[in-house]
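User: I am new to this structure and would like to learn how to read its features one at a time. Could you take me through them, with the general idea before each case?

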Amino acid sequence: MARRLRPVGPDFIESAPLRLVFAREVTASPDAVFRALADDVPGWTEWFSAVTLARPTEDGAGREIRLRGGIRFQETVLVATAPEVYAYRVDVTNAPGARALVEEWRLTPDGTGTRVQWTFATDGTAPFRLALRLSRAGLGRTFRDAVTALDRRLASTNV
């Protein structure tokens with residue numbers, strides 16, 4: 001059953017009751033990584049294995065995302081500052097226990113490549129927060145695999 005979450009802003013990244021932060025360096029430039037994140041939303045299914053459907057909505061101001069296992073999100077893009085930050089808020093989801101959720105992708109030049117940092121900021125019921133804490137290692141692995149696949153994809157297309 002889909003539920004509407006609390007509408008929070010970009011500042012929620014710093015104030016969320018639960019923040020999971022993951023980072024990885026890639027060889028692609030910040031511009032190329034940003035374009036893959038913000039401008040090629042359908043392309044997420046090619047490099048983020050957990051994502052089964054990704055499409056922009058509302059002329060790019062929103063996104064519809066579906067994950068393996070049946071989790072669905074309707075999102076609003078909060079920040080799209082090329083090539084540094086791409087962040088979105090989940091407005092509606094069928095994920096049980098979630099009350100608020102913002103994800104931020106922060107891109108920093110790192111030599112000739114990019115340091116990609118993903119922050120998963122959320123609030124929810126105690127069981128929801130506990131489940132996420134217990135899932136931290138798996139989320140980290142999913143992030144690393146996704147960013148590695150994105151880097152390979154960008155290298156193969158010479159973006």
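Predicted model: local features only at pLDDT ≥ 70, side-chain atom pairs only at ≥ 80, totals over all residues.

User: How much space lies in the largest pocket, and which residues are closest to its centre?

Analyst: Rolling a probe the size of a water molecule over the atoms shows where empty space is left. Here the largest pocket holds about 600 Å³ of space, and among the 27 residues that line it, L67, I71, F73, F120 and L139 are the closest to its centre. By class, its lining consists of 20 nonpolar, 3 polar and 4 charged residues.

User: Which element supplies the largest share of that lining?

Analyst: Strand β7 does, with 4 residues, while β4, β5, β8, α4 and α5 are also among the elements that each supply at least two.

User: How is a pair of aromatic rings described, and what is the case for W44 and Y88?

Analyst: A pair of aromatic rings is described by the distance of the centres and the angle of the planes. The count comes to 15 aromatic pairs in this model. In one of them, the ring centres of W44 and Y88 lie 6.3 Å apart with the planes at 75°, which is over 60 degrees, so the pair is edge-to-face. This pair links distant parts of the chain, since W44 belongs to helix α3 and Y88 to strand β6, 44 residues apart. W44 has a relative accessible area of 2% and Y88 has 1%; both values are under 20%, so the two residues count as buried.

Another pair, W47 and F48, is tilted, with 5.6 Å from centre to centre and 55° between the planes, and both of these residues are buried as well. Ring pairs also link a cluster that includes F22, F34, W105, W118 and F143.

User: How many residues of helix α2 are buried?

Analyst: Helix α2 spans residues 30–39 and is mostly covered, with 7 of its 10 residues buried, among them P30, F34 and L37.

Notes:
Residues numbered from 1 in each chain as written. Heavy atoms only, no water. 1 Å grid on protein atoms, 1.4 Å probe; cavity = no way out; pocket = protein on both sides within 12 Å on 5 of 7 lines; lining within 4 Å. Points joined across faces, edges and corners; volume = space filled by probe spheres on them. Nonpolar A, V, L, I, M, F, W, Y, C, P; charged D, E, K, R; others polar. Buried < 20%, exposed > 50% of the residue type's maximum accessible area, 1.4 Å probe, protein only. Phe/Tyr/Trp six-rings, centres within 6.5 Å; stacked < 30°, edge-to-face > 60°.
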